[in-house]
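The following exercises concern the structure shown below. Each task is followed by a solution in steps.

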Amino acid sequence: MREGAAAAGLRAENLSRIYPSGEGTVTALAPFTHTFPAGLTAVVGPSGSGKSTLLNLLAGFDRPTTGRVLVDGTDLHALSEAGRADFRLANYGFVFQSHNLVTILTALENVEFPLTLAGVPRKQRRERARALLAEVGLSARAAHLPSQLSGGEAQRVAIARALAHDPRVLLADEPTGNLDSHTGERVLALLTGLTRGGRTVVLITHDPEVAALADHTLRVRDGEVTADG
Ligand SMILES: Nc1ncnc2c1ncn2[C@@H]1O[C@H](COP(=O)(O)OP(=O)(O)OP(=O)(O)O)[C@@H](O)[C@H]1O
Ligand SMILES: [Mg+2]
């Protein structure tokens with residue numbers, strides 16, 4: 001944990017999401033309160049149970065029906081739209097099942113991209129991007145476009161990009177879902193390595209072997225979340 005222990009970290013308070021559905025409603029996420037410890041938390045549960053709903057609320061991509069999300073004491077959903085976008089840029093990294101790389105940028109430029117948005121000077125962001133590509137084992141692919149990378153390579157570039165600005169919180173939705181088991185393991189080893197230095201990583205996975213590697217587990221079933229230590 002970083003300093004300011006009481007308010008530090010990622011916290012969900014009475015967080016819920018109800019969607020309209022036809023004449024009625026769907027409780028995608030029932031109210032729950034949880035402080036995410038530093039380290040890797042796996043979120044597991046059947047399809048349609050509410051895992052992505054939870055992640056989207058933690059990210060501020062979706063608005064809660066009740067409750068709030070606190071990041072080091074800042075109420076994410078109380079920020080303006082622009083304020084939330086800036087806050088996200090400064091504090092969050094994301095890795096999704098489809099890597100969402102920018103197709104017209106090289107691997108190196110993709111990793112640089114968040115730093116460009118953050119106004120980091122060119123030389124500095126180039127160096128940082130090169131170091132990150134080396135960390136994910138892709139120095140030799142720096143000049144490749146996403147279409148010239150394998151699925152696992154593209155996913156590793158996406159992880160390097162998510163780490164470019166050293167985010168406080170890393171959110172990942174099935175990042176190993178499209179990968180063969182060997183590449184998936186490599187991606188996962190990267191993600192578990194990320195929790196050094198007090199970072200909070202929240203990882204949705206269907207894979208019990210992946211979940212077994214996590215420090216903590218959240219189980220979601222029909223929108224009800226329970227923590228497993
Ligand atoms: N925008 C939306 N409008 C209405 N209902 C939604 C919306 N998003 C999700 N839901 C519903 O909320 C429930 C939870 O969906 P969610 O995407 O969180 O599941 P999930 O656990 O991520 O599933 P999967 O493992 O298949 O990705 C589902 O019943 C889904 O149909
Ligand atoms: Mg999902």
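**Exercise 1: the shell of ligand 1**

Helix 1 (residues 51-59) supplies three residues, the largest share of the shell around ligand 1; helices are DSSP runs of H or I, at least four residues, numbered from the N terminus. The model is predicted, so local features need pLDDT of at least 70 and side-chain atom pairs pLDDT 80 or more, while totals for chains, interfaces and linings use all residues. Residues are numbered from 1 along each chain, chains are lettered from A and ligands numbered from 1 in written order, and side-chain values use heavy atoms without hydrogens or water.

Task: determine which polar atoms lie by an oxygen atom of ligand 1.

Solution.
1. A polar contact is a pair of N or O atoms within 3.5 Å.
2. For serine 47, a polar side-chain atom is 2.6 Å from a ligand 1 oxygen.
3. For lysine 51, the side-chain distance is 2.7 Å.
4. Glycine 50 contributes a polar backbone atom at 3.0 Å.

**Exercise 2: two helices**

Task: find how helix 5 (residues 151-163) and helix 6 (residues 181-193) pack.

Solution.
1. The angle is about 10° and the axes are 10 Å apart; axes are lines fitted to C-alpha atoms over the stretch in contact, with angles from 0 to 180 degrees between N-to-C directions.
2. Helix 5 is therefore roughly parallel to helix 6, a term for angles under 35 degrees.
3. The contact (heavy atoms within 4.5 Å) includes Gly152 of helix 5 and Leu191 of helix 6.

Technical notes:
Polar contact = N/O pair within 3.5 Å; in protein donor to acceptor, adjacent residues only side chain to side chain. Parallel < 35°, antiparallel > 145°, perpendicular 65-115°, else oblique.
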